[in-house]
Amino acid sequence: MRYKKLYILALIISCATFSSCSSELDQAPDGKISLEDVWKDNDKVAAYLNTCYQYMSGKGNLYFFFERGPANWCDEAWDADDLDVNWAASSRMYTGNASASDFPGWSVTGGSANCEYYWTNYFSAIHDCAYFLQNIDKAAVTKESDRSRWKAEAHLLRAYYYEELLRWFGCGLPLVKSPYDYNDDFSKVKRASYYETVQFIMADCDSALVCKDLPWRITTSDESGRLPKALACAIKSRMILYAASPLYCGSDNRWNEAYKVTKETLATLRAQGYELYHTLHDPNTFFNSNSDFGPDGYPLAEKAAMYNEYFCNSMEYSSNPIDKETIFQTRWNSLSFDVEGIGAQRGYKSGTCPSQELVDCFNTVNGQPILNLENPYKDAETHLNPNYNQTNIQYNPQNPYKNRDPRFYADIYYNGSKRWCWWPFDEVSLSPENYPAKAGFRTRNIMTYIGEPRTGTSATGRTMTRTGYFIRKYMTPTTSDNNGTYRGEANFKEFRLAEMILNFAEAAAHAGHEDEAIAAVNEIRERVGMPDLPSGLAGQALLDRIYNERRVEFALEEQRYFDVRRLHKPNEDLSTTDKWVTAAKIIRNADGTYTYGRQQVNGNARQCWSNRWLKWPIPLDEVSKVQAITGENWQNPGW
């Protein structure tokens, strides 16, 4: 019989997640208990399920080294630490310093919030989930409702970890339906196909969905971090969309299946009260005289404030929450102000700097793109020569930040925007837009032109911007490193209803249901006051608008990193998206006006664009072990 000893510490990790956990567990004199003993005690059973939670990632900007990970590793942003911290993940991605034995995306030392060693950690968690499911039916559980709920959670946790593995590694996986024993014949371990893995994930989700004891929402703070039933719908929607995408579908057309699943899951979530966040609730903080969401007189400023408010607040645990959009948020708070805001405000670093490519995606308020979405750049790789949308007469390249989608003003600080907060320095004459002014609470013009001494564009210095832009999406308007104005940042919203709506829009468009796709996109646009898409859009023109809408709606939320990969074919590379990242090139003229152009960030191409970067490498030591036992090489192409 399989016998294993667990340290008490491992059993009580995150025990606060469960109200039923006791403060300590009975233990033998050597401080250990057997797994057989676990199933004889209600609290120990709950504690074992807690160990299944322990590898869930914090995401957001908690990737090592306090960065926004995937947002910085694609064409959305550039990490301002790239030169100063050349041993951290982003810098190594940019230089191509990566291998299957030491890959910067998962091979870290001293990382935080479980953003590391995904292959080994997630399979450990998957094994624990399988072991829990094997034993829960016979375990000594006090309440049958707890047994039912815990079983559903284990199914959903296993689905979550598999979903994460598919996103990062992009390959079929062995399906751990029951736990492996040390005496098992591992030479017979086989990998399922990508689609078979997705089916396994969706089956686990369905097991959670039929459980009457698993709540649709987590409604009390003492259960924060536990998985709600709604997450099963969200994972199904995401995974079937991926399975239908070019990188993973092979020769099969799965768009009709994706249409049915995304439509059903979206309808189910709506029926359970999930809806888009559409009302500003704290105008004193987010829409006051100092908030500056858009140029003077901007008509949709309140919409921008509402959108910023949503990302700056954690979802509360209530039966009737203000935020009915967030399906699941991570357990860790973000650190936006501290590590990725305007670096000069705290004197540390700017972190994530949005790219010119991201800025190009935001429509003008008339609802039109500023670029020709079919062919956005005349030089497809370097992006220095934009192919403007000639029908959009509202956009002026020399006044580029006027009349843009309100999500632009909610997400990004740009040349000429303003921020009221505590500024810890006196202004100097090299910043005439702000000089003279003393350190203290005041409104500062965020000028990003080349040569501006505090917030200008520069190829060096962690507090400067690499791209001409700073992130705003997760920053409360007036937060400062000063008594009375510091505000803790929000938890990262890992799954939200807007994704489910746009997943459905994409699948519907591919499956020939253009009217439904347009209506779904319009719902996203209407909540921020943007005009509907033109009626009659179809085919690639409609898909171009949907993909652009995803870039805008999910800006800096790490969705783009995975979208750009799944939408490539297996034999393609990322040269037109991730090879070159551009910045605004802003020159201040002698008369106080500005000339706007474009430049490449640091003048160097990134080295993370070739075909092999479509998927991450499986750790070499894991591949070697499997190959020695089974004779099969599981490694992803190019690694």
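**Figure 1. Surroundings of N72.** N72 touches E67, A77, W78, D79, S90, Y94, T352 and R606, leaving aside residues up to four places away in sequence; contact means heavy atoms within 4.5 Å. The model is predicted: local features need pLDDT of at least 70, side-chain atom pairs count only at pLDDT 80 or more, and totals for chains, interfaces and linings use all residues. Residues are numbered from 1 along each chain as its sequence is written, and side-chain values use heavy atoms, with hydrogens and water left out. N72 sits in the loop between helix 3 and strand 3. Helices (H or I, at least four residues) and strands (E, at least two) are DSSP runs, numbered from the N terminus. N72 counts as buried, at 0% relative accessibility. Buried means under 20% relative accessible area, exposed over 50%, and partly exposed in between (1.4 Å probe, protein chains only).

**Figure 2. Cis peptide bonds at F64–F65 and Y435–P436.** F64 and F65 are joined by a cis peptide bond, with omega about 5 degrees. F65 is placed in the loop between helix 3 (42–53) and strand 3 (77–79). The bond from Y435 to P436 is also cis. Its omega is near -5 degrees. P436 belongs to the loop between strand 7 (417–423) and strand 8 (440–446).

**Figure 3. Positive phi at N114 and H383.** Neither residue is a glycine. Phi is near 60 degrees at N114 and about 65 degrees at H383. N114 lies in the loop linking helix 4 (89–95) and helix 5 (118–135). H383 is found in the loop between helix 15 (356–360) and helix 16 (406–411). Both are buried: relative accessibility is 15% for N114 and 1% for H383.

**Figure 4. Helix 7 against helix 8.** The axes of helix 7 (residues 194–209) and helix 8 (residues 230–244) come within 9 Å and cross at roughly 165 degrees. Helix 7 is therefore roughly antiparallel to helix 8. Axes are lines fitted to C-alpha atoms, for helices over the stretch in contact, and angles run from 0 to 180 degrees between N-to-C directions. Angles under 35 degrees count as roughly parallel, over 145 as roughly antiparallel, 65 to 115 as roughly perpendicular and the rest as oblique. The crossing of helix 7 and helix 8 is left-handed: the near helix is turned anticlockwise from the far one by less than a right angle, whereas clockwise would be right-handed. From helix 7, the contact takes in Y194, Y195, V198, I201, M202, C205, D206, A208 and L209. Helix 8 supplies A232, C233, I235, K236, M239, I240, Y242 and A243. The residues of this contact divide into 15 nonpolar, no polar and two charged. Ala, Val, Leu, Ile, Met, Phe, Trp, Tyr, Cys and Pro count as nonpolar, Asp, Glu, Lys and Arg as charged, and the others, Gly among them, as polar.

Figure 5. C205 is buried, with a relative accessible area of 0%. C353 is buried as well, also at 0%.

**Figure 6. Helix 18 against helix 19.** Helix 18 and helix 19 pack at about 25 degrees, with their axes 11 Å apart. This angle makes helix 18 roughly parallel to helix 19. Their crossing is left-handed. E514, A517, I518, V521, I524 and R525 in helix 18 meet G539, L542, R545, I546, E549 and E553 in helix 19. Contact residues here divide into six nonpolar, one polar and five charged.

**Figure 7. M530 in the loop between helix 18 and helix 19.** M530 lies between helix 18 (514–526) and helix 19 (539–553), in the loop. It is buried, with a relative accessible area of 3%. M530 and K303 are 227 residues apart along the chain, yet their C-alpha atoms are separated by 9.6 Å. Not counting residues up to four places away in sequence, M530 touches N363, T364, V365, G367, D405, P406, R407 and R525.

**Figure 8. W422 in strand 7.** W422 is a residue of strand 7. It is partly exposed, with a relative accessible area of 26%. Beyond residues up to four places away in sequence, W422 touches Q345, G440, F441, S480 and N482. W422 and Y486 are 64 residues apart in sequence and 9.9 Å apart in space, C-alpha to C-alpha.
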